[in-house]
Amino acid sequence: MYEGLIFAGFGGQGVILSGKLLCIAAMNEGKHVSHIPSYGAEMRGGTANCSVIVSDDEIGSPLVPHPTAAVVLNNPSLIKFEPRLQPGGLLVYNTSLIDVKPQRTDITIVGIDANDLAQAEGSSRAANMIALGLLVKKKPDLCSLDALIKALDKAVSARNKELNDINIACLKKGYQAG
Amino acid sequence: MSEKVLMKGNEALAEAAIIAGCRHYFAYPITPQNEIPAYMALRMPMVEGTFLQAESEIASINMVYGASAAGARVMTSSSSPGISLKQEGISYLAGAELPAVIVNMMRGGPGLGNIAGSQADYFQATKGGGHGDYHIIVLAPGNVQELADLTIRAFDLADEYRIPVMILGDGFLGQMSEPLVLPKPTGKKFDKSSWALSGAKGRDHHIVYSLRLTPEHALEELNIRLQERYAAISEKEILFDTYRADDAEFLLVAFGTSSRLCRNAVNILRKEGIKAGLFRPITLWPFPYDELEKAAEKVRMVLSVEMNAGQMIEDIRLALGKDKDIQSYGKMGGVVPEVDEIVEKVRSYGTR
Amino acid sequence: MAQDNAKLVYDRPEALVDRAHHYCPGCGHGIIHKLLAEIIDDAGIRENTIIVAPVGCSVLAYFYLNVDGCEAAHGRAPAVATGIKRVHGNSKHVLVYQGDGDLLAIGTAETIHAANRGENLTIIFVNNAIYGMTGGQMAPTSLAEQKTKTSPYGRKVADFGQPIRACEMINTLEAPVFIERCAVNSVKNILKTKKALKKAVKNQVEGRGYSFVEILSMCPTGWGIKPVDALKWVEDAMIPYYPLGNFRDR
């Protein structure tokens, strides 16, 4: 298997963390993984994204020009990445914040009310976890839900660890919604 | 510490330097290697080391020079434009026979260029860059694990040969996170007491210098000594890797990030029944001329894949001469070569 | 024998190597080297002292002072000294010897930032208003209308700016603990210079921080005048523009 993924949103939505969490989980289940964020001037202006690859084979370029799946959490990210998806790819988008309608008909499109679902679990900051839970349900080859939950301790910085209960609840909720 | 962890290239390198015993780090911020100074700023105080953000690249390489002269394991890091500024200091390190580790996470050039990964500093790194007849050892890691492992090796090589060692990565390698097992220290000890500056107590005074104007301190003599050392390094320290190259008819030659793409390309070509293989120099200086010659003995075509206009290809030509068909595929300005294009380049050649 | 009754009243300092130096007749470097050697001896720090020599006439200072020595690229002495000091901490004493081109032209950034960090160093700045080693070119401290190889019609302020006053510039920074300008053109001034250098070295030994001593010195060869006239030129031309005295002593 080979999955080239994009996680995108604005700064603070935890898109970089989502990618790292997935990498650690997949790594622990024996996959080859890579993660590379947008950086430098590209990340100024409030948008952030990262490219993640999960593969059975060694990874060449860490870049993902044409993702097999994209998780987008705000409007500019949808506009930027929807056109880049491979035909047959998966688009997970955050309907809480995105009011643009996806256009493509050759991809699978799943909208989820990530912010509101996360808020119901205690913090809208965990919207990324809702989306990630949904993603691994739709793409079970990436990793198991259990691996994601176990990887939280490694991926989340010390100052944010108090949110991990909410993160776990949101991962599960997103997974169930998938 | 044999646990697999996910780490960003820049941070894995910084931690490996600390594992290697580096306790002095001087640098100036530049993208795409900013995680190295940030990591060192956080980490050095924990190990009673020095992190100093210098006023310039020029100052930082000279702080490295001073710390090395004082006998310490020391490192600086930068990216292409900053490495250009450090060249003066690198030449002085070479002239004064001082060990140091210098990291270049290459970005697109010339000029301010961009911040994407690039391999356009191959000539600068391997052919000099600064003034004078000198070489530095140049190590080109291909993944985050190797980045960490070669960092450990870089410090040992620097101390063993009293030579600056450059780790030549690129923005992609520095920015990407991959699983790795953090390396262990080698524990090798190097006695610097015969030359390091520690105060002239019970011995003649030591002088670290490269100015040689008089017959008793002849410059030619220094140069001969350096060249003998370079010959010994070329003899003993070559590193390279091959992948499915044993029976290859088509040999891709690439280092660092571009070698990763070539590996994918080889697998695709092999599935199609095309016998492709990869030769990956890990030491770019000394370049594995003989080893490449041997690997390319029976191949029909050699394809140099680089993230530049074709720089390493000159060393490939030196290794293989004019009889071999040596092709170039390079992407410039921080653009990554496409695996499909590498495949197509070989495929179209194979069927003609 | 007569020597039995002789009393040794003067000897070469241990910190000064017994070899002929390359400086021109009337040059101030020899005086300053000897002062440094005496101070090192008096303080008993010869075995714990490292001198960083610049690019300029005093590039070979490390051959004359019997202490560990380090050459620095042009202008980079404060950075090199920073590296050495950060390794050894206050167990070793690092003297940074620089000329005017080194300290105030090509190495201005290193000068300012080492001072601003308050590196525990002793900077010895020899200002002779000329580039001596390269053959008498204009320095950042060459006086207005001063004729040099690269200002044959005199230094035109409109083209090259006014000569820079180092002590006054350093004195705008918070960190330095000691700043003084001296001269070596007379016995009286040499004694004052020795006193200032002694304080600047003592400060470092005591871990007090950055000390800066500017020494107005003679370069009769570069100036194209006789050594005796050079002493007078320091007095009549340099000192009026570069006033002697202490700027800071904390």
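Q: What makes up the secondary structure of chain A?
A: In this predicted model, chain A holds six helices and six strands. Their order along the sequence is β-α-β-β-β-α-β-β-α-α-α-α.

Q: Why is chain A called as compact as a globular protein of its length?
A: The globule rule gives 16 Å for 178 residues, and the radius of gyration of chain A is 15 Å. The two values are close, so chain A is as compact as a globular protein of that length. The C-alpha trace of chain A spans about 40 × 35 × 35 Å along its principal axes.

Q: What share of the residues of chain A counts as buried?
A: A residue is buried when its relative accessible area is under 20%. Of the 178 residues of chain A, 56% count as buried.

Q: Where do the positive and negative charges of chain A lie on average?
A: Chain A has 17 positive and 17 negative charges, and their mean positions are 3 Å apart.

Q: What makes up the secondary structure of chain B, and why is chain B called as compact as a globular protein of its length?
A: Chain B has twelve helices and 15 strands. Its radius of gyration is 21 Å, close to the 20 Å that the globule rule gives for 352 residues, so chain B is as compact as a globular protein of that length. Along its principal axes, the C-alpha trace of chain B spans about 75 × 45 × 40 Å, and 62% of its 352 residues count as buried.

Q: What share of the contacts in chain B with a separation of 6 or more is between residues 24 or more positions apart?
A: In chain B, such residues account for 79% of these contacts. The corresponding share in chain A is 56%.

Q: Why is helix α1 of chain B called mostly covered?
A: The helix comprises residues 9-19, and ten of its eleven residues are buried. Each of these ten has under 20% relative accessible area, because that is the cut-off for the term. Among the buried residues of α1(B) are B:Leu13, B:Glu15 and B:Ile18. After α1(B) comes B:Gly21, with a positive phi near 100°.

Q: Which chains share the most contacts, and how many residues of chain B and chain C are involved?
A: Two pairs of chains are in contact, and chains B and C share the most contacts. In this pair, 36 residues of chain B are in contact with 35 residues of chain C. B:Glu55, B:Leu197 and B:His205 lose the most area in chain B to chain C, together 20% of what that side buries. The area buried between the two chains is about 2700 Å², with 61% given by carbon and sulfur atoms.

Q: How do you know that no contact joins chain A and chain C?
A: A contact requires heavy atoms within 4.5 Å. No contact joins chain A and chain C, and their closest C-alpha atoms lie 26 Å apart.

Q: Why is C:Val52 called buried?
A: The cut-off for the term is under 20% relative accessible area. The value for C:Val52 is 0%, so C:Val52 is buried. C:Val52 lies in strand β1 (residues 49-53) of chain C. Beyond residues up to four places away in sequence, C:Val52 touches several others, including C:Cys70, C:Ile84 and C:Tyr97.

Definitions and conventions
Residues numbered from 1 in each chain as written. Chains lettered and ligands numbered in written order. Predicted model: local features only at pLDDT ≥ 70, side-chain atom pairs only at ≥ 80, totals over all residues. Heavy atoms only, no water. Helix = DSSP H or I, 4+ residues; strand = E, 2+ residues; numbered from the N terminus. Rg over C-alpha atoms; globule rule 2.2 N^0.38 Å. Buried < 20%, exposed > 50% of the residue type's maximum accessible area, 1.4 Å probe, protein only. Buried area = accessible area lost by both parts, 1.4 Å probe. Lys, Arg positive; Asp, Glu negative; His and termini not counted. Charge placed at Lys NZ, Arg CZ, Asp CG, Glu CD.
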